[in-house]
Amino acid sequence: MARSRGIFASIAAAAAMVSCGGETPPPALAPAASASAAPVATNSVEPPPAAPAAPAASTAAPEPHKLAVPSPVARYTGFAKPESVLYDADNDRYLVSNINGNPDDRDNNGFISVLSPDGQVTNLKWIEGGKDKVKLDAPTGTAIAKGVLYVADLTTVRMFDLKTGAPKGDIVIPGTTLLNDIAAAPDGKVYVSDSGFKIGATGNLEATSSDAMYVIEKGKARALVKTTDLHMPNGLAWTDKGLVVCASGAPEVFRLDEKGAKQDVTTTAPGGRLDGLISLGDSLLVTSHDASAVLRGKLGGTFEVAIPEQKTPADIGYDTKRGRVLVPHVMVDTVDVYELR
């Protein structure tokens, strides 16, 4: 069975990054615990003489319920703009793509790290641009299909041997701007999003109108759909309903049918600038730079905050063996691992 992961969505005031991918749906996670609401303050009024004191009406608005911020069960450090995390189930390890510099630079210094589930960075630069005939500029989304690691890298999808990390060829996709996330389907097809934006000098997303979705079959890429109605597509996940996409340019998650038409368009009310996306049973987890959180919801339903207070959360992964969510923080250079309760 193929597995996948994808890229970063936004760059906040100073420069955040690009996002995501899909996996075989594991069991759904339980809701995160929530903290109790704080007491409501009141304002008292001096009663008139000889009149009994009556309780004054509160003028303060009640505070909303806040989710408790879960503590990560593991935290990895020492990265260089980690954009995505992919769980390699066959080898029981986590693979992290590192942009290492500006996301638009063709500097051949990107790299892929290997982490062990017990909290160790076992090989920081397992695959490294500029060494051992590797070309890797600004890697974002990743996916695994038939023993090959697929990596999105600007306008090229690069392929590596999953066991050795040796290069196995490149697929250049002309007319693209930013290939962001990758998802692999059970039939061997590999999907990749072109987010259709560049990062401006102020950190804003600058549209290039190349928004598209591509399919790779037998080593060749073809366009499934090209339209700005995709609203800067970013994270991808393969589900039992097909390919699901989240957008960076609009707060929405949707499904693409076999003809590339949008179906089941769903708004993510808590926040936009979406990035990473994974499928958990009949639910979805998606990262939002606007909300600084991981959101959870369903197509056709509502989304809510599942993991709050996440700085620049990018392309998340999922450890199917341990039931853990893997969150890369692209501008903080850390990867956190969570168990939701």
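Me: How should I read the burial of a residue, and is Tyr76 buried or exposed?

Reply: The general idea is to compare the relative accessible area with a cut-off, since a residue counts as buried when that area is under 20%. In this structure, which is a predicted model, Tyr76 has a relative accessible area of 1%, so Tyr76 is buried. Tyr94 also has a value of 1% and is therefore buried.

Me: What share of the residues of the chain counts as buried?

Reply: The chain has 341 residues, and 54% of them count as buried. As for the surface, the chain exposes about 14300 Å², of which carbon and sulfur atoms supply 51%.

Me: How is a pair of aromatic rings described, and how many such pairs does a search of the whole structure find?

Reply: A pair of aromatic rings is described by two things, the distance of the centres and the angle of the planes. In this structure, the search finds three aromatic pairs. In one of these, the ring centres of Tyr76 and Tyr94 are 6.4 Å apart and the planes stand at 80°, which is why the pair is edge-to-face. This pair links distant parts of the chain, because Tyr76 belongs to strand β2 (residues 74-77) and Tyr94 to strand β4 (residues 93-98), 18 residues apart. Ring pairs also link Tyr76, Tyr87 and Tyr94 into a cluster.

Me: What kind of pair do Tyr191 and Trp238 make?

Reply: The centres of the rings of Tyr191 and Trp238 are 5.7 Å apart and the planes make an angle of 20°, so this pair is stacked. Since Tyr191 lies in strand β12 (residues 190-194) and Trp238 in strand β17 (residues 233-239), the pair ties together parts that are 47 residues apart in sequence. Tyr191 counts as buried, at 10% relative accessibility, whereas Trp238, at 22%, counts as partly exposed.

Me: Over which ring does the charged end of Arg93 sit?

Reply: The thing to look for is the place of the charged end over the ring. The charged end of Arg93 sits over the ring of Trp126, at 4.7 Å from the centre of that ring, and the charged end of Lys262 sits over the ring of Phe254, at 4.5 Å from its centre.

Me: Which polar atom of the backbone lies 2.6 Å from the side chain of Asp181?

Reply: The backbone nitrogen of Leu236 lies at that distance from a polar atom of the Asp181 side chain. Asp181 is in strand β11 (residues 179-184), and its relative accessible area is 0%, so Asp181 is buried.

Me: How many residues lie between the strands in the hairpin of β23 and β24?

Reply: There are five residues between the strands of this hairpin, where Gly300 takes a positive phi near 80°. The strands β23 (residues 293-297) and β24 (residues 303-307) run antiparallel and are joined by four bridges, and Arg296 has Glu304 as its bridge partner in β24.

Key: Residues numbered from 1 in each chain as written. Predicted model: local features only at pLDDT ≥ 70, side-chain atom pairs only at ≥ 80, totals over all residues. Heavy atoms only, no water. Helix = DSSP H or I, 4+ residues; strand = E, 2+ residues; numbered from the N terminus. Buried < 20%, exposed > 50% of the residue type's maximum accessible area, 1.4 Å probe, protein only. Polar contact = N/O pair within 3.5 Å; in protein donor to acceptor, adjacent residues only side chain to side chain. Phe/Tyr/Trp six-rings, centres within 6.5 Å; stacked < 30°, edge-to-face > 60°. Lys NZ or Arg CZ within 6 Å of the ring centre and 35° of its normal. Pairing = 2+ DSSP bridges. Areas by Shrake-Rupley, 256 points an atom, 1.4 Å probe, with all protein chains shown as cover.
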